[in-house]
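Subject: Structure handover

Hello,

Here is the structure I said I would pass on.

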Amino acid sequence: MLALDLVICYIHITYIRYIMRHPEWALKHKRKGTELRLINGNYYLYEVKCVWDPEKKKPKKKTGKIIGKITPEGFIESPKRKLEKTTPSIISLQVKEYGASKFILDSMTDSIRSLQNYFIDEWQFIVALAFYRLFHRSHIKNMPFHHQHSFLSEIFANIKITEKRISKFLRELGIMRSEIVKYFKDFISEGDHILIDATPLFTQSENIIISKYGYNNKRVYLPQVNLLFIFSVKNHMPVYYRITPGNVREISAFKLCIEESGARDAVIIADKGFYSEDNVNQMEENELQYIIPLKRNSILIDYSCLKSGDKRCMDGYFKYKKRFIWYSKSTLSSRTVYIYLDEHLKSVEEKDYLTRIETHPEEYHIDKFYEKQHYFGTLSVISNCTSKSAEEIFQFYKSRSSVEQMFDVFKNLLEADRTYMQNEESLEGWNFINTIALQWYYKIYQILLRKKLLSRYSVHDVLLHLSEIRKVKINNKWKIAEIDKKTEKLLDKLNINIPIT
């Protein structure tokens, strides 16, 4: 009877495989005692057998070890299985991620060197946590697992990462604010152009006293703190952060950020809708430099030159990303209003408006077009940066997109806009880890930009490919596993040398 049940079990497995209708290129590698599995769009071949379940008194399927990966090009045997076959005397076998962690250690030397200087006993722990945040977007509870499967656990053999130890470490790290500030000062250089902006960080902890209720970008009223960043235009990355109470106005916190960071020539690039006489007065009272965009219907903007259509009344032009930008400026006491005209953008906006007249005549008509025609293609800002030219002001404002991208990475890639830290010290330590991960992200981004590879690879793509480079421990000796051709090609393009020993 048992033999018959096992036969039925095999028939059932075969039927399931049949009705799944795997492609022929995958099925041709199927053989007796194996099972095809489709995981994240990839086909894998596993050992499988039927065994008797004494509790349920019936046979059940038992999946064994992975045999290999199947692609339309052919079958790729599992490195671990291949080693087991070629090394019959194996007593123990262990596989760990190697390429991504080795790349971070080799490429982020300036960051790691500063961590070694100011966090003599803690730097390895910081590097490990920042890596798992960047690569895995890992929360605290999953970091011990990632550490166990990363070669960092071998390189940093003297640290033990557990959930309890991480929580204690973040509290200890958060107390070291003076060392954190010293670390960031290493990345703020003389003559660097610095941008300052803030984003809310939502928290549910009642133990964080500085958490106050405020509105998010969806107008949801939630407890929050403010996270202020300083972004370096020269280095294209964040070089400082500071956490402030959720009910404190950004303007009053900006000056303290500049003083603590030691940044010079810092400029606050505001977003649309920020301008008000009160905000500008507060900026000037705190001796802050600013560039604030104005709404196109602002009474501060003089469109008379554009209405005349005579560019001789403009103050000049410059080239920006292969396009010529005309500008005019007018002085209001210590402030200057700049109007920039982009002819290409003007043409696009005019075409868009005229198209809407045809598609939505109930909302758009030609009379409004005539009223708005001198607005099209313009950008106007008000600034007190008297030492900077109109071209520099324009480039500064356009660089705000880098800060906005940083916030997107912080919120989306690192999933760090909501925190579950239970006290202010842990919140401080957690944000330091996240900011280091952000710095590394931007360094990899700049590498891809310099190599002109951004159209093909993302930062995550690079780390994912590198993580496929593994080290295998056979009988207490580590060896590097085979590297596939796609990863080899990427290493060559990025000029990355991963040593084989």
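The notes below go from the whole chain to single residues.

This is a predicted model, in which local features need pLDDT of at least 70 and side-chain atom pairs count only at pLDDT 80 or more, while totals for chains, interfaces and linings use all residues. Residues are numbered from 1 along each chain as its sequence is written, and side-chain values use heavy atoms, with hydrogens and water left out.

Overall

The protein chain has 20 helices and 18 strands; helices (H or I, at least four residues) and strands (E, at least two) are DSSP runs numbered from the N terminus. Of its 501 residues, 46% are buried. Buried means under 20% relative accessible area, exposed means over 50%, and partly exposed is in between, using a 1.4 Å probe and protein chains only. Among contacts (heavy atoms within 4.5 Å) with a separation of 6 or more, 63% are between residues 24 or more positions apart.

Cores

A nonpolar core here is a set of buried Ala, Val, Leu, Ile, Met, Phe, Trp, Tyr and Cys residues joined through side-chain atoms within 4.5 Å. The largest one has 124 residues, and Phe119, Tyr340 and Phe432 have the most contacts inside it. Helix 18 (residues 424–450) gives the most to this core, with 13 residues. Apart from it lies another core of six residues, including Leu36, Tyr43, Leu45 and Ile67.

Not counting residues up to four places away in sequence, Tyr340 touches Phe318, Ile325, Trp326, Tyr327, Gly377, Thr378, Leu379, Val381, Ala390, Ile393 and Phe394.

Strands of a sheet pair through backbone hydrogen bonds, either parallel or antiparallel. Two strands are taken to pair if DSSP finds at least two bridges between them. Four strands form an open sheet in the order 1-2-3-4, with antiparallel pairing. Strand 1 (34–39) and strand 4 (74–77) stand at the edges with a single partner strand each, so one side of each is left without a neighbour in the sheet. From one strand to the next the twist averages 50°; axes are lines fitted to C-alpha atoms, for helices over the stretch in contact, and angles run from 0 to 180 degrees between N-to-C directions.

Strand 3 (residues 58–71) is joined to strand 4 by four bridges, and the two run antiparallel. Ile70 stands opposite Phe75 in strand 4.

Lys62 lies in strand 3 and counts as partly exposed at 47% relative accessibility. Leaving aside its neighbours within four places in sequence, Lys62 is in contact with Glu47, Val48, Lys49 and Val51. Lys62 and Val48 are 14 residues apart in sequence, with their C-alpha atoms 5.7 Å apart. Trp52 is found in strand 2 (residues 42–53) and is partly exposed, at 34% relative accessibility. Trp52 and Lys62 are 10 residues apart in sequence and 9.7 Å apart in space, C-alpha to C-alpha.

The hairpin of strands 17 and 18

Strand 17 (residues 470–474) and strand 18 pair in the antiparallel sense over four bridges. They form a hairpin with two residues between them, and Asn475 in the turn has a positive phi of about 50°. The bridge partner of Lys471 in strand 18 is Ile480.

In a regular strand the side chains alternate between the two faces of the sheet.

Helix 10

In helix 10 (residues 177–185) the buried residues are Arg177, Ile180, Val181, Tyr183 and Phe184. They cover an arc of only 155° around the axis, which puts them on the same side of helix 10; the arc is that of the directions from the helix axis to the C-beta atoms.

Loop residues

- His236, in the loop between strand 8 (221–232) and strand 9 (237–245), has a positive phi near 55° and is partly exposed, with a relative accessible area of 34%.
- Glu287, in the loop between helix 12 (277–285) and strand 11, has a positive phi near 55° and is exposed, with a relative accessible area of 68%.
- Ser298, in the loop between strand 11 (289–293) and helix 13 (304–308), is buried, with a relative accessible area of 15%. A polar atom of the Ser298 side chain lies 3.2 Å from the backbone nitrogen of Leu300.

Regards

Definitions and conventions. Polar contact = N/O pair within 3.5 Å; in protein donor to acceptor, adjacent residues only side chain to side chain.
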